[in-house]
Amino acid sequence: MTGLPPPSKKKLGLVIDLDTCVGCHACAVGCKQWNSGGIAGPVTDENPYDKEPFGVWFNRVHSYEVAETPATSACASGNSIATELQQPAMTLHFPRSCLHCETPACVTVCPTGASYKRAEDGIVLVDEDKCIGCKLCSWACPYGAREYSEVEGVMKKCTLCVDRIYNENLPEAEREPACVQVCPTKARHFGDLGDPESKVSKLVAERGGVALLPELGYAPVNRYLPPRPRRAGGEPLADNDTAAETGGGDVVKRWLQRALKR
């Protein structure tokens, strides 16, 4: 089985804002386009014009109808007036891709070393020359982030566009994953989550970003920003009236975990 490198200080990953994701699938299509001609290409499709097409997608977007969460009273710091927080009934668009876990089960179950985690930046990759298509990694991944290519007989997955983010031939502003580049609502953010001073780390701290199913123990690097809390009636809180200030952060986190486990 494959071993893991020592924990890296640099932890590249994504922060996805569920408050602004509109479920347009631009991230999925942009990812498909870039990676089909890049390090992971071809990202194969099978029966693309048939009634039941299927194929390899590193990004997938799921949509859930979420029931209204009952309002909860919480007092703002230094303010004796209670604020009614709730989440109205809504459609939650949930983008899903590899979370580049700190201790990924997909790596440790690999019998050939094809699945591996980079020590320098924490990115989890697949060496297709070593992959024998046994699918152990896909069975071990609890997030469903592995994609098997029936055409090539090997496993594929999100690479964080490793052939793009380090490409010095690209302008610095374009050295980020394709899914981040194409998102029309800027719901996706990329950076070093191991650096507490990075933009993504500060965004997670400000918005109460959460890991997906942390109780499983795989320590995913990617973070999800929950929908912003609303007052009773659906009115959004003011920009300076955050969940942390109103005491509603824990309420939103519990709501998000319930939604993602459905």
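Q: Buried means a relative accessible area under 20%, exposed means over 50%, and partly exposed lies in between. How is the accessibility of Thr112 to be read, as partly exposed or otherwise?

A: The model is a predicted one. Thr112 has a relative accessibility of 33%, so it counts as partly exposed. This residue belongs to the loop between α2 (105-108) and β8 (115-117).

Q: Is Lys156 buried or exposed?

A: The cut-off for buried is under 20%. Lys156 has a relative accessible area of 1% and is therefore buried. Lys156 is part of strand β11, which covers residues 154-156. Its side chain makes a polar contact of 3.2 Å with the side chain of Glu152.

Q: Which residues does Thr112 touch, leaving aside those up to four places away in sequence?

A: A contact requires heavy atoms within 4.5 Å. On that basis, and with residues up to four places away in sequence left out, Thr112 touches Lys130, Cys131 and Ile132. The side chain of Thr112 reaches the backbone oxygen of Lys130 at 2.9 Å. It also reaches the backbone nitrogen of Ala114, at 3.3 Å. As a further distance, the C-alpha atoms of Thr112 and Cys134 are separated by 9.9 Å, and these two residues are 22 apart along the chain.

Q: In what order do the three strands of the open sheet stand?

A: The order is β12-β1-β13, and the pairing is mixed. At the edges are β12 (188-192) and β13 (223-225); each has a single partner strand, so one side of each is left without a neighbour in the sheet. On average, neighbouring strands of this sheet are turned by 25 degrees against each other, direction ignored.

Q: How many bridges join strand β1 to β12?

A: Strand β1 (residues 12-17) is joined to β12 by five bridges, and the two strands run antiparallel. In this pairing, Leu12 stands opposite Asp192 in β12.

Q: Which helix lies across β1, β12 and β13?

A: That is helix α6, residues 199-207, which runs at about 120 degrees to β12.

Q: What is the mean pLDDT of the protein?

A: pLDDT is the predictor's confidence in each residue, from 0 to 100. Here the mean is 84, and 79% of the residues reach 70 or more. Over residues 76-83, however, pLDDT stays under 50, and the model has 15 contacts beyond four places in sequence for this stretch. The pLDDT is also below 50 over residues 242-249, a stretch with 15 contacts in the model beyond near neighbours in sequence.

Note on methods:
Residues numbered from 1 in each chain as written. Predicted model: local features only at pLDDT ≥ 70, side-chain atom pairs only at ≥ 80, totals over all residues. Heavy atoms only, no water. Helix = DSSP H or I, 4+ residues; strand = E, 2+ residues; numbered from the N terminus. Buried < 20%, exposed > 50% of the residue type's maximum accessible area, 1.4 Å probe, protein only. Polar contact = N/O pair within 3.5 Å; in protein donor to acceptor, adjacent residues only side chain to side chain. Pairing = 2+ DSSP bridges. Axes fitted to C-alpha atoms, helices over the stretch in contact; angles between N-to-C directions.
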